[in-house]
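Trainee: I have a new structure to look at and would like to learn how to read it. Could you take me through some features?

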Amino acid sequence: MALSDGVFAIAITLLVLDIHVPQGLDSDGFHEALGDVLPNLGAYGISLAVLAGFWRDHRAIFRPVRQVDADVIWLTVLGLGLGLAALLPFPTALVSEYGDERASVVIYSAAVAALGAVHLALAAVIARRPWLRGDAEPVRDEFLYALDLGAMVAVFVVTIPLALVVGPAAMWWWLVLVPIKVWLGRKENAAAR
C-alpha cells in the first residue's frame, strides 16, 4: 500500500507543476497569463478527481487483502505502481495545453480507460480469489463497484471515437459520469444499511 500511496501522491503533485504564471508581467500580461492558466486548472481538477477516485478505490480493494499473488502484483504495477497512474500527468498536460486537438482528448481518454480497465481486472482477480482476503469481507459491494468502474471505462472508451468525430467537444461526454456515480453511490449506501 505504501508504494501505491506514494505513486498516487507523486502523480497528483506532478499534475500541478504545469500551473504557473510567469513573474514580472505588467497588468495586461498578468491577466492574459491568468486566462491562459484556466485550461490547466480545469485539466488539473479532472485528473485530480480521477486519481483521487482510483486511489480511494485502490485502498478499498486492498483493505481486506491478506496476501497477494503474481497476478495481483503484476496488475498493481501495471495500473498503479509504475504504470498508468504515474503516466496520467502527461495526457493531462496534453489536454491542458492542446485541448483543442483531437489527439489530446483521445490520448487522455485512452489513458483513463486503460487505468480503469486494469483497476477493474485487479478487483476481479481479488474477488475471484477469496483466499487472498482470508476471512475478511470486501469493503465495497463488489457488483456495484464493478458497475462503477465499468461505467467509467465505457465512458472514456466511447470518448475516443467520439473525439475523432466531433473533436474536443467530446470531453463534455465525461459529464455523464456525474449522475451515474451519484446513482451508484446512493445504491451502495442503501445496500450498506
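Mentor: Gladly! Let's begin with burial: a residue is buried under 20% relative accessible area, exposed over 50%, and partly exposed in between, using a 1.4 Å probe and protein chains only. A second term is the helix: helices (H or I, at least four residues) and strands (E, at least two) are DSSP runs, numbered from the N terminus. Seven of the nine residues of helix H5 (residues 89-97) are buried, so H5 is largely enclosed by the rest of the structure.

Trainee: Which are the buried residues of H5?

Mentor: They are Pro 89, Pro 91, Thr 92, Ala 93, Leu 94, Val 95 and Ser 96. A word on the model: it is predicted, so local features need pLDDT of at least 70 and side-chain atom pairs count only at pLDDT 80 or more, while totals for chains, interfaces and linings use all residues. Residues are numbered from 1 along each chain as its sequence is written, and side-chain values use heavy atoms, with hydrogens and water left out.

Trainee: What does the secondary structure of the protein come to?

Mentor: Eight helices and zero strands, which read along the sequence as α-α-α-α-α-α-α-α. Along the principal axes, the C-alpha atoms fill a box of roughly 65 × 35 × 30 Å. Of the 193 residues in the protein, 40% are buried.

Trainee: How do I describe two helices that pack together?

Mentor: Two packed helices are described by the angle between their axes and the distance between the axes. The axes are lines fitted to C-alpha atoms, for helices over the stretch in contact, and angles run from 0 to 180 degrees between N-to-C directions. Angles under 35 degrees count as roughly parallel, over 145 as roughly antiparallel, 65 to 115 as roughly perpendicular and the rest as oblique.

Trainee: At what angle do H2 and H6 cross?

Mentor: Helix H2 (residues 27-62) and helix H6 (residues 102-128) cross at roughly 10°, and their axes come within 11 Å. H2 and H6 are therefore roughly parallel to each other. In contacts (heavy atoms within 4.5 Å), residues of H2 including Val 50 and Phe 54 meet residues of H6, among them Leu 115 and His 119.

Trainee: And how do H7 and H8 cross?

Mentor: Their axes come within 10 Å and cross at roughly 175°, so H7 and H8 are roughly antiparallel to each other. In H7, Leu 147 and Ala 151 are among the residues that meet H8, where the partners include Leu 184 and Lys 187.

Trainee: Which residues of H8 are buried, and which are exposed on the other side?

Mentor: Leu 177, Leu 184 and Glu 188 are buried. They cover an arc of only 40° around the axis, which puts them on the same side of H8; the arc is that of the directions from the helix axis to the C-beta atoms. Those buried residues pack against helix H7 (142-166). On the other side of H8, Pro 179 and Arg 186 are exposed.

Trainee: What about a loop residue, such as Asp 18?

Mentor: Asp 18 is found in the loop between helix H1 (2-16) and H2. With a relative accessible area of 36%, Asp 18 is partly exposed. Leaving aside its neighbours within four places in sequence, Asp 18 is in contact with Asn 40 and Ala 93. From Asp 18 to Leu 41, 23 residues apart in sequence, the C-alpha to C-alpha distance is 9.4 Å.
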